[in-house]
Amino acid sequence: MSQCRRASVWRRPGGSAKVSDEHQPVNLELFDDCVPEPVQQELAPGAVLLRGFVAEQDGAVLGAVDAVLASIALRQMQTPGGRPMSVAMASCGELGWVTDRHGYRYERSDPDSGLAWPPMPEILSRLAMRAAAAAGYPGFLPDACLINRYAPGARMGLHQDRDERDMSQPIVSVSLGVPAVFLFGGLRRAERPQRIHLRHGDVVVWGGPSRLRYHGVAPVKAAQHPRLGQQRINLTFRKAG
Ligand SMILES: O=C(O)CCC(=O)C(=O)O
Ligand SMILES: [Mn+2]
């Protein structure tokens, strides 16, 4: 998916470049409605945004997500305080993240069914490994993939990912579907977060000195995505065990 609409640049004889169809083309293309962004952007030491990293693999990635969701239901879990989360979740891989009255934790099986979580499709684990390596974390081997489904209005409050055993391993977070504002804060909750506009195919990786940064997602605005309708799907890959 390209992030910006492309337009040919046509140059008036002897004049300045202009987007138009009245003049002779030169061999230039520019983005007419946005400034091209770097493919890779450092958000903080150890934290990298990989714009459009999923690229043309997106259809196959979404197919793998569909296959997982054919065998396990998305559900709105409860916080330890008893409030339902607005995001619906399901897991694949050896370990699945769960929350209920007993707290936040990883489980080897789905508490709703008692069954093991579906295996993590190879295309997903490979994507996560490639993204981690591109961000400076070679050798990442995720054992947990949390599938988050945001309907319009769903959000995720500022939190740290701290239920994993090995904090030397990064978090790999893949955004699909409608856009969202990712809130990327500091190591203290009070620090004002950066607001990062994430689009279909973007990946954020954070680890090292940023591993315990607070982060969240602002309420997702109603929008339409050709493949996912009004939904945003986020895949969070972790080495949990
Ligand atoms: O949806 C996102 O972009 C972030 C998800 C997240 O932080 C989490 O699942 O812990
Ligand atoms: Mn998180």
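Where does Ala 55 lie? Ala 55 is placed in the loop between S5 and H1, where helices (H or I, at least four residues) and strands (E, at least two) are DSSP runs numbered from the N terminus. The model is predicted, so that local features need pLDDT of at least 70 and side-chain atom pairs count only at pLDDT 80 or more, while totals for chains, interfaces and linings use all residues. Residues are numbered from 1 along each chain as its sequence is written, and chains are lettered from A and ligands numbered from 1 in the order in which they are written.

The protein chain holds 2 helices and 16 strands. Of its 241 residues, 33% are buried; a residue is buried if 20 or more other C-beta atoms lie within 10 Å of its own, exposed if 12 or fewer, and partly exposed in between, with C-beta atoms placed from the backbone. Contacts are counted where the C-beta atoms of two residues, placed from the backbone, lie within 7 Å. Among contacts between residues at least 6 apart in sequence, 71% join residues at least 24 apart.

An open sheet of 7 strands runs in the order S4-S5-S14-S11-S16-S9-S6, with antiparallel pairing; two strands pair if DSSP finds at least two bridges between them. The edges are formed by S4 and strand S6 (88–93), each of which pairs on one side only. From one strand to the next the twist averages 20 degrees. Helix H2 packs on this sheet and touches S5, S9, S11, S14 and S16, its direction making about 120 degrees with that of S11. For such angles, axes are lines fitted to C-alpha atoms, for helices over the stretch in contact, and values run from 0 to 180 degrees between N-to-C directions.

Within this sheet, strand S5 (residues 47–50) is covered on both faces: Ala 47 and Leu 49 on one side, and Val 48 and Leu 50 on the other, are all buried. Strand S4 (residues 40–44) is joined to S5 by 4 bridges in the antiparallel sense, and Gln 40 has Leu 50 as its bridge partner in S5. The hairpin of S4 and S5 has 2 residues between the strands, and Gly 46 there takes a positive phi near 85 degrees. Strand S14 (residues 203–206) is likewise antiparallel to S5, with 4 bridges between them; Val 48 is paired with Val 205 of S14. S14 also pairs with strand S11 (residues 171–177), in the antiparallel sense over 4 bridges, and the bridge partner of Val 174 in S14 is Val 203.

Two packed helices are described by the angle between their axes and the distance between the axes. The axes of helix H1 (residues 58–69) and helix H2 (residues 122–134) come within 9 Å and cross at roughly 125 degrees. H1 and H2 are therefore oblique to each other, given that angles under 35 degrees count as roughly parallel, over 145 as roughly antiparallel, 65 to 115 as roughly perpendicular and the rest as oblique. Ala 60, Val 61 and Ala 64 of H1 meet Ile 123, Leu 124 and Leu 127 of H2. The residues of this contact divide into 6 nonpolar, no polar and no charged; Ala, Val, Leu, Ile, Met, Phe, Trp, Tyr, Cys and Pro count as nonpolar, Asp, Glu, Lys and Arg as charged, and the others, Gly among them, as polar.

A further 4 strands form an open antiparallel sheet in the order S10-S15-S12-S13. Strand S10 (156–159) and strand S13 (194–198) stand at its edges with a single partner strand each, so one side of each is left without a neighbour in the sheet. S10 and strand S15 (residues 215–217) pair over 2 bridges in the antiparallel sense, and Met 156 stands opposite Val 217 in S15.

Met 156 and Val 217 are also among the residues around ligand 1, together with Leu 146, Asn 148, Asp 161, Ser 173, Phe 182, His 215, Asn 234 and Thr 236; a residue is near a molecule or strand if its C-beta atom, placed from the backbone, lies within 6 Å of it. Strand S9 (144–150), S15 and strand S16 (232–238) each give two or more residues to this shell. The shell divides into 4 nonpolar, 5 polar and 1 charged.

Two loop residues remain to be described. Ala 55 has a positive phi near 45 degrees, in a residue other than glycine. Ala 55 counts as exposed, with 11 C-beta neighbours inside 10 Å. Gln 224, in the loop between S15 and S16, is exposed with 10 other C-beta atoms within 10 Å.
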